[in-house]
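Please keep the structure open while reading.

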Amino acid sequence: MKIIVPMAGRGSRLRPHTLTIPKPLIPIAGKPIVHRLVEDIAGVLNQDIEEIAFIIHESFGKKVEEDLIAIAEKLGSKGTIYYQNEALGTGHAIMCAKESLSGPAVIAYADTLIRADFDLDQNADSVIWVKKVDQPEAFGVVNLNEANQIIELVEKPKEFVSDLAVIGIYYFKDVAVLKNELQFVLDNNIINGGEYQINDGIKQMMAKGMIFVPGEVAEWMDCGNKDVTVETNSRMLGFLHNDGEDLVAKNIKLENSTIIPPCYIGEDVVLINTTVGPNVSLGKGCHIVNSSIKNSLVQTHSHIKNANLDNAMIGNHASFDGNFTSISIGDYSVLE
């Protein structure tokens with residue numbers, strides 16, 4: 001089994017956080033989004049993962065590449081890096097990894113997290129994971145026949161088709177078949193929405209009689225913008241806390257401070273006269289003084305004092321004083 005992870009975009013909707021690191025590497029409950037994603041998929045597949053292929057932009061840099069390879073190796077897999085340097089769509093991104101497109105594979109976009117129990121239908125050529133949603137007109141959805149097979153993919157339907165939204169995780173019994181269809185898409189310049197789409201390859205597979213079935217996830221968590229990323233962090237903390245994971249490092253310094261679970265508190269964090277939680281992630285080396293923080297995500301080595309924060313997202317090496325009179329704010333920064 002292989003896992004193919006397109007993650008070339010930095011994530012403009014999450015600026016300024018994605019100006020310095022790509023969105024898939026932003027930590028959720030102390031671990032990068034893409035790290036959690038591939039771990040969760042590997043865990044529920046219950047199969048050996050021989051390779052994890054990451055499709056990135058070359059500008060991400062060698063340190064990011066090394067971190068991604070380390071994620072794969074931690075799971076006992078070979079890590080491979082491919083580049084998509086032009087934003088030409090999902091189909092194009094997958095084809096940037098065409099040397100790895102053989103045999104059974106899961107393709108998963110790196111801006112989403114899930115809680116699921118994958119049950120691979122061995123009689124199907126492909127599984128497309130979906131989640132019931134309240135507003136299907138805002139998503140791509142699947143249309144099912146009476147045999148519970150997917151017969152159509154419909155993007156943002158104006159009239160009701162189904163309430164099963166495509167979440168961006170796919171299984172292919174032999175991903176080489178998808179590769180051949182996507183090569184046809186590229187060779188014939190089949191473009192939708194200005195890009196080469198995975199759906200056009202899938203539709204050609206369906207037209208040839210290949211069997212697609214839905215797989216439903218219990219939880220689908222997005223990381224598209226600040227608000228939903230903070231919400232996803234809160235939800236993930238709740239799941240991990242209920243699973244019994246120890247989310248607080250042993251070497252934190254507490255002085256007249258309280259932690260209200262669930263919280264992730266990284267190594268070398270200092271809390272003085274502060275209440276943290278519930279639903280807060282504090283990365284390694286943060287110093288928090290005279291503050292109250294809840295429902296928030298703070299990355300590493302940031303210093304916060306005199307603050308009362310709720311639904312906040314703060315990056316790495318930031319300095320915030322709630323009593324500020326002198327400030328230095330860069331592009332895309334927000335104070336509300």
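The lining of the largest cavity has 7 nonpolar residues, 5 polar residues and no charged residues. The model is a predicted one. The cavity count, for volumes of 30 Å³ or more, comes to 1. The volume of the largest cavity is about 40 Å³. Its lining draws on Pro27, Ile28, Ala29 and Gly30, on Asn233 and Tyr264, on Ser281, Leu282 and Gly283, and on Leu297, Val298 and Gln299. The elements that give two or more residues to this lining are β2 (27-28), β19 (280-282) and β22 (296-298).

**Helix packing**

The table sets out their geometry.

| Helix pair | Residues | Angle | Axis separation |
|---|---|---|---|
| α1 and α2 | 33-45 and 62-74 | about 20 degrees | 10 Å |
| α4 and α5 | 175-187 and 198-207 | about 115 degrees | 8 Å |

Take α4 and α5. They pack at an angle of about 115 degrees, with their axes 8 Å apart. Angles of 65 to 115 degrees count as roughly perpendicular, so α4 is roughly perpendicular to α5. The crossing of α4 and α5 is right-handed. On the α4 side, the contact involves Val177, Leu178, Glu181, Leu182, Phe184 and Val185. On the α5 side, the partners are Ile198, Asp200, Gly201, Ile202, Gln204 and Met205. By class, the α4 contact with α5 holds 8 nonpolar, 2 polar and 2 charged residues.

Now take α1 and α2. Their packing angle is about 20 degrees, and their axes are 10 Å apart. Angles under 35 degrees count as roughly parallel, so α1 is roughly parallel to α2. α1 passes α2 in a right-handed crossing. From α1, Val34, His35, Val38 and Glu39 take part in the contact. They meet Leu68, Ile71 and Lys74 of α2. The contact of α1 with α2 has 4 nonpolar residues, 1 polar residue and 2 charged residues.

**Surroundings of Trp220**

Trp220 sits in strand β13, which spans residues 219-222. What does Trp220 contact, leaving aside its neighbours within four places in sequence? The list includes Thr112 and Leu113. Lys131, Val133 and Phe139 are also among the contacts of Trp220. Ala165, Val166 and Ile167 touch Trp220 as well, and so does Arg235. There is also a C-alpha distance to note. Trp220 and Lys132 are 88 residues apart along the chain, and their C-alpha atoms are separated by 9.6 Å.

**Backbone geometry**

Pro261 and Pro262 are joined by a cis peptide bond, with omega about 0 degrees. Pro262 is placed in the loop between β15 (258-259) and β16 (263-265).

A cis peptide bond also joins Gly277 and Pro278, with omega about 0 degrees. Pro278 lies in the loop between β18 (275-276) and β19.

Where is Asn148 placed? Asn148 is in the loop between β9 (140-144) and β10 (150-155). Its phi is near 65 degrees, a positive value in a residue other than glycine.

How values were computed: Residues are numbered from 1 along each chain as its sequence is written. This is a predicted model: local features need pLDDT of at least 70, side-chain atom pairs count only at pLDDT 80 or more; totals for chains, interfaces and linings use all residues. Side-chain values use heavy atoms; hydrogens and water are left out. Axes are lines fitted to C-alpha atoms, for helices over the stretch in contact, and angles run from 0 to 180 degrees between N-to-C directions. Helices (H or I, at least four residues) and strands (E, at least two) are DSSP runs, numbered from the N terminus. Angles under 35 degrees count as roughly parallel, over 145 as roughly antiparallel, 65 to 115 as roughly perpendicular and the rest as oblique. A crossing is left-handed if the near helix is turned anticlockwise from the far one by less than a right angle, and right-handed if clockwise. Contact means heavy atoms within 4.5 Å. Ala, Val, Leu, Ile, Met, Phe, Trp, Tyr, Cys and Pro count as nonpolar, Asp, Glu, Lys and Arg as charged, and the others, Gly among them, as polar. On a 1 Å grid over the protein atoms alone, a cavity is a set of points where a 1.4 Å probe fits but cannot get out, and a pocket is an open set with protein on both sides within 12 Å along at least five of seven lines; lining residues have an atom within 4 Å of a point. Grid points are joined across faces, edges and corners, and a volume is the space filled by probe spheres set on the points.
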